[in-house]
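Hello,

Here is the model for your files. My notes follow it.

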Amino acid sequence: MNRNYVRYYNSGEEFEEEQFGIQLTELIHQVKIREGKTSVLFLCIGSDRSTGDSLGPLTGHLLKMHADRMQNPDVVVVGTLTLPVHAVNLDSVVEVIERDFPEYVVVAIDASVGSRSSVGCITLASGGLKPGCGVNKNLKMVGDIAITGVVSWGSRMEPVLLQNIRLGLVMNMADCIRQGIMHAVF
């Protein structure tokens, strides 16, 4: 897989969790080899105050429950429903990650907008992601690997429209991402 690798997965009943896990494992392995990193940190970005932007915190909540049971120090989850990572605190959270977790591969997870036919799809990509660009926010690029869930279509999304995204769609995508990650690292 090259640096510009992007793969789309349908989050419906035919979600390929094993294939997602295999591809994520490969991307993590590539970053570990290339950058000498040893562990994995999932940075789940978004707000619990907006349905369309809650993919990150919901995914983080699901992952944290599992990670806490596994007690694996090589896997860290940042960004949950209780402690979300969003536009207001993203810079300070990234500073803490860079300072305290330099040996961790950062997998950034966030909601996104895309084409109408991509709504409900989950993307897995090499390289980071730029949170907030779908709602006209200029935030810094984060992560070594990006996972996004396409919650709506268009090039830009008004914050009020994010409130009208179906929670069932977002929750299903969060659970699919959790399943795929469990195949990769747990």
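I start at one strand pair: in β6, A146 is the bridge partner of A125. That bridge belongs to an antiparallel pairing of β5 and β6, which runs over 5 bridges. Strands pair here if DSSP finds at least two bridges between them.

Before going on, the ground rules. This is a predicted model, in which local features need pLDDT of at least 70, side-chain atom pairs count only at pLDDT 80 or more, and totals for chains, interfaces and linings use all residues. Residues are numbered from 1 along each chain as its sequence is written, and side-chain values use heavy atoms, with hydrogens and water left out.

**Strand β5**

β5 also pairs with β1 (residues 6-10), again antiparallel and over 5 bridges. There, C121 of β5 is the bridge partner of N10. β5 is mostly covered, with 6 of its 6 residues buried. Buried means under 20% relative accessible area, exposed over 50%, and partly exposed in between (1.4 Å probe, protein chains only). C121, T123 and A125 point one way from the strand, while I122, L124 and S126 point the other way. In a regular strand, side chains alternate between the two faces of the sheet.

**Cores**

The largest nonpolar core has 37 residues. By nonpolar core I mean a set of buried Ala, Val, Leu, Ile, Met, Phe, Trp, Tyr and Cys residues joined through side-chain atoms within 4.5 Å. L24, F42, I147 and I181 have the most contacts inside this core. Elements giving it two or more residues include α1 (17-35), β2 (39-44), β4 (104-114) and β6 (145-153). Its largest share, 9 residues, comes from α5.

F42 is worth a look. Leaving aside neighbours within four places in sequence, F42 is in contact (heavy atoms within 4.5 Å) with L63, V75, V76, V77, V78, V107, I109, I181 and V185. A second, separate core has 18 residues, among them L41, I45, A108 and L129.

**Whole chain**

The protein chain has 5 helices and 6 strands. Helices (H or I, at least four residues) and strands (E, at least two) are DSSP runs, numbered from the N terminus. From that end, the order is β-α-β-α-β-α-β-β-β-α-α. Of the 186 residues, 52% are buried. Among contacts between residues at least 6 apart in sequence, 72% join residues at least 24 apart. The chain exposes about 9,100 Å², with 52% of it supplied by carbon and sulfur atoms. Accessible areas come from the Shrake-Rupley method with a 1.4 Å probe; for residues, only the protein chains shown count as cover.

Best wishes
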